[in-house]
Amino acid sequence: MTEANPRISKAVIPAAGLGTRFLPATKATPKEMLPVVDKPAIQYVVEEAAAAGLDDVLMITGRNKRPLEDHFDRNHELESALQKKGDGSRLSKVQESNDLATIHYVRQGDPKGLGHAVLCAAPHVGNEPFAVLLGDDLIDPRDPLLQRMVEIQEQHGGSVIALMEVAPEQIHLYGCAAVESTEAGDVVKVTGMVEKPDPADAPSNYAIIGRYVLAPQIFDVLRKTEPGRGGEIQLTDALQQLAADEKVGGPVHGVVFKGRRYDTGDRGDYLRAIVRLACEREDLGPDFRTWLRSFVAEEM
(Lines give C-alpha, C1' and ligand atoms only; values in the text may rest on other atoms or scores of the structure.)
Protein backbone atom coordinates (compact mmCIF):
# COMPACT_ATOMS: atom_id res chain seq x y z
CA MET A 1 0.00 0.00 0.00
CA THR A 2 1.41 3.39 -0.95
CA GLU A 3 0.90 6.85 0.44
CA ALA A 4 -1.14 7.63 -2.69
CA ASN A 5 -3.56 4.83 -1.83
CA PRO A 6 -4.19 5.22 1.93
CA ARG A 7 -6.21 2.69 3.90
CA ILE A 8 -9.92 3.38 3.73
CA SER A 9 -11.69 3.92 7.04
CA LYS A 10 -14.80 5.96 6.16
CA ALA A 11 -18.15 4.86 4.80
CA VAL A 12 -21.02 7.05 3.62
CA ILE A 13 -24.61 5.79 3.71
CA PRO A 14 -27.16 7.96 1.87
CA ALA A 15 -30.42 7.71 3.82
CA ALA A 16 -32.37 10.84 2.91
CA GLY A 17 -34.90 9.28 0.54
CA LEU A 18 -38.64 9.57 1.14
CA GLY A 19 -39.39 5.87 0.65
CA THR A 20 -42.43 6.58 -1.50
CA ARG A 21 -42.60 3.00 -2.81
CA PHE A 22 -43.39 1.80 0.71
CA LEU A 23 -46.15 4.25 1.57
CA PRO A 24 -48.08 4.39 3.83
CA ALA A 25 -45.59 2.51 6.07
CA THR A 26 -42.95 5.18 5.45
CA LYS A 27 -45.21 8.16 6.13
CA ALA A 28 -43.72 8.48 9.63
CA THR A 29 -41.09 5.69 9.65
CA PRO A 30 -37.89 5.93 7.58
CA LYS A 31 -37.71 3.16 4.99
CA GLU A 32 -34.24 2.31 6.32
CA MET A 33 -35.90 1.35 9.63
CA LEU A 34 -38.29 -1.19 8.08
CA PRO A 35 -37.44 -4.57 9.64
CA VAL A 36 -35.81 -7.32 7.62
CA VAL A 37 -36.81 -10.22 9.89
CA ASP A 38 -35.96 -8.58 13.25
CA LYS A 39 -33.34 -5.96 12.39
CA PRO A 40 -33.87 -2.71 10.49
CA ALA A 41 -32.36 -2.73 7.02
CA ILE A 42 -29.91 0.04 7.91
CA GLN A 43 -28.27 -2.10 10.60
CA TYR A 44 -27.31 -4.76 8.05
CA VAL A 45 -25.57 -2.04 6.03
CA VAL A 46 -23.65 -0.63 9.00
CA GLU A 47 -22.63 -4.16 9.99
CA GLU A 48 -21.25 -4.71 6.49
CA ALA A 49 -19.18 -1.52 6.65
CA ALA A 50 -17.82 -2.42 10.08
CA ALA A 51 -16.94 -5.95 8.95
CA ALA A 52 -14.85 -4.41 6.14
CA GLY A 53 -12.93 -2.31 8.66
CA LEU A 54 -14.81 0.93 7.94
CA ASP A 55 -15.66 2.04 11.45
CA ASP A 56 -16.22 5.74 10.68
CA VAL A 57 -19.72 5.99 9.19
CA LEU A 58 -21.49 9.10 7.94
CA MET A 59 -25.22 8.90 7.26
CA ILE A 60 -26.73 11.43 4.90
CA THR A 61 -30.21 12.00 6.30
CA GLY A 62 -33.20 14.26 5.84
CA ARG A 63 -36.38 15.24 7.62
CA ASN A 64 -38.15 12.56 9.70
CA LYS A 65 -34.99 10.47 9.97
CA ARG A 66 -34.50 10.89 13.71
CA PRO A 67 -35.31 7.18 14.36
CA LEU A 68 -32.04 6.30 12.60
CA GLU A 69 -30.07 8.25 15.17
CA ASP A 70 -32.12 6.79 18.04
CA HIS A 71 -31.51 3.24 16.83
CA PHE A 72 -27.72 3.56 16.94
CA ASP A 73 -27.78 5.43 20.27
CA ARG A 74 -28.03 3.98 23.77
CA ASN A 75 -31.50 3.36 25.17
CA HIS A 76 -30.78 3.37 28.88
CA GLU A 77 -34.38 2.78 29.98
CA LEU A 78 -34.80 -0.28 27.74
CA GLU A 79 -31.40 -1.69 28.66
CA SER A 80 -32.10 -1.23 32.35
CA ALA A 81 -35.50 -2.95 32.05
CA LEU A 82 -33.99 -5.94 30.23
CA GLN A 83 -31.17 -6.14 32.75
CA LYS A 84 -33.61 -6.22 35.66
CA LYS A 85 -35.54 -9.02 33.96
CA GLY A 86 -32.35 -10.98 33.45
CA ASP A 87 -33.02 -11.06 29.71
CA GLY A 88 -29.39 -11.11 28.59
CA SER A 89 -30.18 -12.37 25.11
CA ARG A 90 -32.38 -9.44 24.16
CA LEU A 91 -30.09 -7.01 25.99
CA SER A 92 -27.12 -8.06 23.86
CA LYS A 93 -29.18 -7.63 20.69
CA VAL A 94 -30.21 -4.13 21.74
CA GLN A 95 -26.62 -3.19 22.54
CA GLU A 96 -25.20 -4.57 19.28
CA SER A 97 -26.16 -1.49 17.30
CA ASN A 98 -24.55 0.86 19.83
CA ASP A 99 -21.00 -0.29 19.27
CA LEU A 100 -20.84 -1.20 15.58
CA ALA A 101 -19.09 1.99 14.48
CA THR A 102 -18.66 5.68 15.18
CA ILE A 103 -21.66 7.15 13.38
CA HIS A 104 -22.07 10.76 12.28
CA TYR A 105 -25.06 12.44 10.64
CA VAL A 106 -25.53 15.29 8.18
CA ARG A 107 -28.74 16.43 6.50
CA GLN A 108 -28.98 16.61 2.74
CA GLY A 109 -31.59 19.36 2.84
CA ASP A 110 -32.77 19.32 -0.77
CA PRO A 111 -33.40 15.93 -2.45
CA LYS A 112 -31.19 16.53 -5.49
CA GLY A 113 -30.15 12.95 -6.17
CA LEU A 114 -27.51 10.43 -5.14
CA GLY A 115 -24.65 12.52 -6.51
CA HIS A 116 -25.72 15.46 -4.38
CA ALA A 117 -26.08 13.22 -1.31
CA VAL A 118 -22.51 11.97 -1.78
CA LEU A 119 -21.30 15.55 -2.20
CA CYS A 120 -22.75 16.36 1.23
CA ALA A 121 -20.08 14.03 2.66
CA ALA A 122 -17.15 16.10 1.36
CA PRO A 123 -16.42 18.04 4.57
CA HIS A 124 -16.37 14.84 6.62
CA VAL A 125 -14.43 12.68 4.17
CA GLY A 126 -11.80 15.22 3.17
CA ASN A 127 -9.05 14.09 0.81
CA GLU A 128 -9.39 10.35 1.41
CA PRO A 129 -10.91 7.49 -0.55
CA PHE A 130 -14.17 6.31 0.97
CA ALA A 131 -16.97 3.81 0.50
CA VAL A 132 -20.62 4.47 -0.33
CA LEU A 133 -23.21 1.88 0.64
CA LEU A 134 -26.83 2.11 -0.50
CA GLY A 135 -29.36 0.68 1.89
CA ASP A 136 -31.57 -0.92 -0.77
CA ASP A 137 -28.92 -3.56 -1.46
CA LEU A 138 -28.18 -5.95 1.39
CA ILE A 139 -25.09 -8.09 0.78
CA ASP A 140 -24.85 -11.41 2.59
CA PRO A 141 -21.98 -11.28 5.13
CA ARG A 142 -20.73 -14.61 3.80
CA ASP A 143 -19.89 -12.85 0.52
CA PRO A 144 -17.44 -10.06 1.48
CA LEU A 145 -17.96 -7.82 -1.55
CA LEU A 146 -16.94 -4.60 0.17
CA GLN A 147 -13.67 -6.06 1.46
CA ARG A 148 -12.80 -7.12 -2.08
CA MET A 149 -13.59 -3.65 -3.42
CA VAL A 150 -11.41 -2.01 -0.78
CA GLU A 151 -8.59 -4.40 -1.68
CA ILE A 152 -8.83 -3.50 -5.39
CA GLN A 153 -8.86 0.24 -4.62
CA GLU A 154 -5.79 -0.09 -2.43
CA GLN A 155 -4.02 -1.94 -5.24
CA HIS A 156 -4.96 0.30 -8.16
CA GLY A 157 -6.13 3.60 -6.68
CA GLY A 158 -8.98 5.46 -8.34
CA SER A 159 -12.53 4.23 -7.79
CA VAL A 160 -14.20 0.82 -7.69
CA ILE A 161 -17.85 0.02 -8.35
CA ALA A 162 -19.82 -3.16 -7.74
CA LEU A 163 -21.25 -4.85 -10.83
CA MET A 164 -23.68 -7.69 -11.32
CA GLU A 165 -24.78 -9.40 -14.51
CA VAL A 166 -28.52 -9.07 -15.10
CA ALA A 167 -30.86 -10.16 -17.87
CA PRO A 168 -30.74 -7.71 -20.81
CA GLU A 169 -34.41 -6.79 -20.33
CA GLN A 170 -33.64 -5.65 -16.76
CA ILE A 171 -30.70 -3.36 -17.50
CA HIS A 172 -32.96 -0.31 -17.87
CA LEU A 173 -33.52 -0.48 -14.10
CA TYR A 174 -29.84 0.14 -13.31
CA GLY A 175 -26.80 2.16 -14.13
CA CYS A 176 -24.84 0.19 -16.74
CA ALA A 177 -21.07 -0.12 -17.30
CA ALA A 178 -18.97 -0.63 -20.42
CA VAL A 179 -16.04 -2.83 -19.40
CA GLU A 180 -12.76 -4.43 -20.43
CA SER A 181 -11.43 -7.64 -18.87
CA THR A 182 -8.36 -7.74 -16.62
CA GLU A 183 -6.08 -10.50 -15.38
CA ALA A 184 -8.26 -10.93 -12.28
CA GLY A 185 -11.37 -12.93 -13.13
CA ASP A 186 -13.72 -10.95 -10.91
CA VAL A 187 -12.31 -7.51 -11.81
CA VAL A 188 -12.95 -5.44 -14.94
CA LYS A 189 -11.76 -2.05 -16.14
CA VAL A 190 -14.69 0.34 -16.53
CA THR A 191 -14.47 2.50 -19.65
CA GLY A 192 -17.90 4.11 -19.55
CA MET A 193 -21.23 4.26 -17.74
CA VAL A 194 -24.79 5.25 -18.52
CA GLU A 195 -27.75 5.65 -16.16
CA LYS A 196 -30.73 3.33 -16.84
CA PRO A 197 -30.24 2.87 -20.59
CA ASP A 198 -32.72 1.45 -23.04
CA PRO A 199 -31.79 -2.26 -23.46
CA ALA A 200 -31.02 -1.65 -27.14
CA ASP A 201 -28.48 1.02 -26.20
CA ALA A 202 -26.88 -0.65 -23.18
CA PRO A 203 -23.12 -1.21 -23.56
CA SER A 204 -23.32 -4.48 -21.55
CA ASN A 205 -25.50 -6.36 -19.12
CA TYR A 206 -23.29 -5.36 -16.19
CA ALA A 207 -25.52 -3.47 -13.76
CA ILE A 208 -24.11 -1.13 -11.14
CA ILE A 209 -25.34 -2.16 -7.70
CA GLY A 210 -25.24 -0.15 -4.49
CA ARG A 211 -21.60 -0.38 -3.42
CA TYR A 212 -18.87 2.08 -4.39
CA VAL A 213 -15.33 2.83 -3.24
CA LEU A 214 -14.57 6.33 -4.48
CA ALA A 215 -11.53 8.51 -4.94
CA PRO A 216 -11.91 11.92 -3.24
CA GLN A 217 -11.62 13.61 -6.66
CA ILE A 218 -15.26 12.60 -7.17
CA PHE A 219 -16.24 15.65 -5.10
CA ASP A 220 -14.68 18.12 -7.55
CA VAL A 221 -16.45 16.37 -10.43
CA LEU A 222 -19.80 16.33 -8.60
CA ARG A 223 -19.59 20.06 -7.93
CA LYS A 224 -19.51 20.61 -11.71
CA THR A 225 -21.99 17.88 -12.68
CA GLU A 226 -25.25 19.18 -14.09
CA PRO A 227 -28.56 17.50 -13.21
CA GLY A 228 -29.13 14.49 -15.43
CA ARG A 229 -31.78 11.79 -15.57
CA GLY A 230 -34.82 12.72 -13.48
CA GLY A 231 -33.48 16.25 -12.99
CA GLU A 232 -31.10 14.95 -10.31
CA ILE A 233 -27.31 15.02 -9.92
CA GLN A 234 -26.39 11.47 -10.82
CA LEU A 235 -23.36 9.76 -9.28
CA THR A 236 -23.14 7.66 -12.44
CA ASP A 237 -22.58 10.79 -14.55
CA ALA A 238 -19.69 11.88 -12.33
CA LEU A 239 -18.14 8.40 -12.42
CA GLN A 240 -18.45 8.43 -16.19
CA GLN A 241 -16.14 11.47 -16.25
CA LEU A 242 -13.58 9.68 -14.07
CA ALA A 243 -13.72 6.61 -16.30
CA ALA A 244 -13.28 8.74 -19.43
CA ASP A 245 -10.18 10.54 -18.13
CA GLU A 246 -7.93 8.76 -15.61
CA LYS A 247 -5.96 11.97 -15.08
CA VAL A 248 -8.94 13.38 -13.18
CA GLY A 249 -9.02 10.81 -10.38
CA GLY A 250 -7.40 7.58 -11.43
CA PRO A 251 -8.95 4.54 -13.12
CA VAL A 252 -12.37 3.08 -12.44
CA HIS A 253 -12.52 -0.67 -11.86
CA GLY A 254 -15.48 -2.93 -11.28
CA VAL A 255 -15.79 -5.99 -9.07
CA VAL A 256 -18.21 -8.47 -10.61
CA PHE A 257 -20.35 -9.82 -7.78
CA LYS A 258 -21.82 -13.32 -8.02
CA GLY A 259 -22.80 -13.78 -4.38
CA ARG A 260 -25.96 -13.39 -2.37
CA ARG A 261 -27.68 -10.02 -2.65
CA TYR A 262 -31.03 -9.11 -1.14
CA ASP A 263 -32.80 -6.29 -2.94
CA THR A 264 -35.09 -4.39 -0.57
CA GLY A 265 -35.76 -1.59 -3.05
CA ASP A 266 -39.32 -2.59 -3.87
CA ARG A 267 -42.08 -4.36 -2.04
CA GLY A 268 -41.83 -7.71 -3.80
CA ASP A 269 -38.07 -8.02 -3.44
CA TYR A 270 -38.31 -6.80 0.15
CA LEU A 271 -40.66 -9.68 0.98
CA ARG A 272 -38.43 -12.17 -0.83
CA ALA A 273 -35.42 -10.90 1.11
CA ILE A 274 -37.23 -11.49 4.41
CA VAL A 275 -38.20 -15.02 3.39
CA ARG A 276 -34.67 -15.90 2.29
CA LEU A 277 -33.03 -14.55 5.41
CA ALA A 278 -35.62 -16.12 7.71
CA CYS A 279 -35.14 -19.50 6.04
CA GLU A 280 -31.39 -19.33 6.68
CA ARG A 281 -31.66 -18.39 10.36
CA GLU A 282 -30.79 -21.22 12.76
CA ASP A 283 -33.39 -20.06 15.27
CA LEU A 284 -36.20 -19.48 12.77
CA GLY A 285 -35.31 -21.46 9.67
CA PRO A 286 -36.38 -25.06 10.49
CA ASP A 287 -39.93 -24.22 11.63
CA PHE A 288 -40.36 -21.47 9.05
CA ARG A 289 -39.24 -23.69 6.14
CA THR A 290 -41.66 -26.41 7.27
CA TRP A 291 -44.53 -23.93 7.36
CA LEU A 292 -43.49 -22.42 4.02
CA ARG A 293 -43.48 -25.81 2.28
CA SER A 294 -46.92 -26.55 3.64
CA PHE A 295 -48.22 -23.12 2.65
CA VAL A 296 -46.87 -23.39 -0.90
CA ALA A 297 -48.26 -26.92 -1.31
CA GLU A 298 -51.71 -25.78 -0.19
CA GLU A 299 -51.65 -22.71 -2.47
CA MET A 300 -50.48 -24.70 -5.50
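1. Strand β8 (residues 159-165) pairs with β11 in the antiparallel sense over 6 bridges; two strands count as paired if DSSP finds at least two bridges between them. The bridge partner of I161 in β11 is Y212.

2. The model is predicted: local features need pLDDT of at least 70, side-chain atom pairs count only at pLDDT 80 or more, and totals for chains, interfaces and linings use all residues. Residues are numbered from 1 along each chain as its sequence is written, and side-chain values use heavy atoms, with hydrogens and water left out.

3. How many residues of β11 are buried? For strand β11 (residues 206-214) the count is 9 of 9, so this strand is largely enclosed by the rest of the structure. Buried means under 20% relative accessible area, exposed means over 50%, and partly exposed lies in between (1.4 Å probe, protein chains only). In a regular strand the side chains alternate between the two faces of the sheet.

4. Helix α1 (residues 41-51) is mostly covered, with 8 of its 11 residues buried. The buried set is A41, I42, Q43, Y44, V45, V46, E48 and A49. An α-helix has 3.6 residues a turn, so residues three or four places apart point the same way. Just after α1, G53 takes a positive phi of about 85°.

5. Some backbone geometry deserves a check. Most residues other than glycine have a negative phi, and most peptide bonds are trans. The peptide bond joining L23 and P24 is cis, with omega about 10°; P24 is found in the loop between β1 (10-14) and β2 (35-36).

6. Two residues other than glycine have positive phi. N64 has a phi of about 65° and is found in the loop between β4 (56-61) and α2 (66-71). With a relative accessible area of 48%, N64 is partly exposed. For K196 phi is near 45°; this residue is found in the loop between β10 (187-195) and β11, and at 35% relative accessible area K196 is partly exposed.

7. On the whole chain, the secondary structure comes to 12 helices and 13 strands. The radius of gyration is 20 Å, close to the 19 Å given by the globule rule for 300 residues, so the chain is as compact as a globular protein of that length. The radius is taken over C-alpha atoms, and the rule is 2.2 Å times the number of residues to the power 0.38. Along the principal axes, the C-alpha atoms fill a box of roughly 60 × 50 × 40 Å.

8. Of the 300 residues, 48% count as buried. Among contacts (heavy atoms within 4.5 Å) between residues at least 6 apart in sequence, 75% join residues at least 24 apart. The chain exposes about 15,500 Å², and carbon and sulfur atoms supply 49% of that area, computed by the Shrake-Rupley method with a 1.4 Å probe.

9. The chain has 34 positive and 46 negative side chains, and the centres of the two sets lie 4 Å apart. Lys and Arg count as positive and Asp and Glu as negative, with His and the chain ends not counted. Each charge is placed at NZ of Lys, CZ of Arg, CG of Asp or CD of Glu.

Technical notes: Helix = DSSP H or I, 4+ residues; strand = E, 2+ residues; numbered from the N terminus.
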